[in-house]
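Dear colleague,

Please find below the structure that I am handing over to you. My notes on it follow, and I should be grateful if you would read them with the model open.

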Amino acid sequence: MNKLMAVLLAAPVALVSPYAAAQVQQHPAQVQAQQNIDTVLKVARNGGLSEQQKIRQIEGYADGFLDYQRISALAVGLPWREFSAKQKTDFIAAFKEMMISMYARSALMGAADAQVKLLPKITDNGNNKVDVFSEIRTKNGKKYEVAYQLYKVGPVYKVYNIRVDGVSLVTVYRNQFNELIKQKGIDGAIATVRAKGLKKAESL
């Protein structure tokens, strides 16, 4: 399942995988998802751009739709309360860069191979939070259901977690972060993340 996670865990590509076929979207969060997909897929298929140029363009676009602060806070869990403002800022930047470094290249490649269908179902969790669902079929025929958890900020829905067949991205990394903080403290944990010293989420 590691290749699928490479597609999903590259933060800039979290909600922007290829779409299998055009569908009429009813909920604003699904309308936004379709717009994101169309924009990013155009970049991913642009033969005039280098791989690095594609990654950076997608990253820049997706920055407006991913809440890295909330993703980081959920991934760290309770110890997040002990972080200073500067430590939070440093961790968010390091975590984002680590994810891009680990997964962006394979995510870009996987995006060309995977077939993705945005499902018609949507879960309203209250407080302007919704889950948007997609079905991903890999090149070898494996199929997974992916839930993008979003909340509304003004006119935009921002991603704060991703679940693959019910398994949560932030939960997978929380175990690593908690152990790291116990062993090295907050600053040591940030330094490890900055050095890209965590394992990939292959167990997901």
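Which residue in β5 is the bridge partner of R163? In this predicted model, the partner is S168.

The bridge between R163 and S168 belongs to an open sheet of 5 strands, ordered β1-β2-β3-β4-β5 and paired in antiparallel fashion. Its edge strands are β1, covering 115-126, and β5, covering 167-168, each of which pairs on one side only. Strand β4 (residues 156-164) runs antiparallel to β5, and 2 bridges join them. In general, the strands of a sheet pair through backbone hydrogen bonds, in either a parallel or an antiparallel manner.

S168 itself lies in strand β5. Its relative accessible area is 11%, so S168 counts as buried, the cut-off being under 20%. The side chain of S168 also reaches the backbone nitrogen of V170, at 3.3 Å.

**Q149 in strand β3**

Q149 is found in strand β3. With a relative accessible area of 12%, Q149 is buried, because this value falls under 20%. Beyond its neighbours within four places in sequence, Q149 is in contact with V130, D131, K158, V159, Y160, N161 and R163. With one of these residues, N161, the side chain of Q149 makes a polar contact of 2.8 Å. As for N125, it stands 24 residues from Q149 in sequence, while the C-alpha atoms of the two are 9.5 Å apart in space.

**The helices**

Helix α3 comprises 12 residues, 51-62. Which residues of α3 are buried? They are K54, I55, I58, E59 and A62. Viewed down the axis of α3, these buried residues fall within an arc of 130°, and therefore they line one face of the helix.

With kind regards

Technical notes
Residues are numbered from 1 along each chain as its sequence is written. This is a predicted model: local features need pLDDT of at least 70, side-chain atom pairs count only at pLDDT 80 or more; totals for chains, interfaces and linings use all residues. Side-chain values use heavy atoms; hydrogens and water are left out. Helices (H or I, at least four residues) and strands (E, at least two) are DSSP runs, numbered from the N terminus. The expected span of a helix is 1.5 Å times one less than its number of residues. Buried means under 20% relative accessible area, exposed over 50%, partly exposed in between (1.4 Å probe, protein chains only). The arc is that of the directions from the helix axis to the C-beta atoms. Two strands pair if DSSP finds at least two bridges between them. Contact means heavy atoms within 4.5 Å. A polar contact is a pair of N or O atoms within 3.5 Å; within protein, one must be able to donate a hydrogen and the other to accept it, and residues adjacent in sequence count only if both atoms are side-chain atoms.
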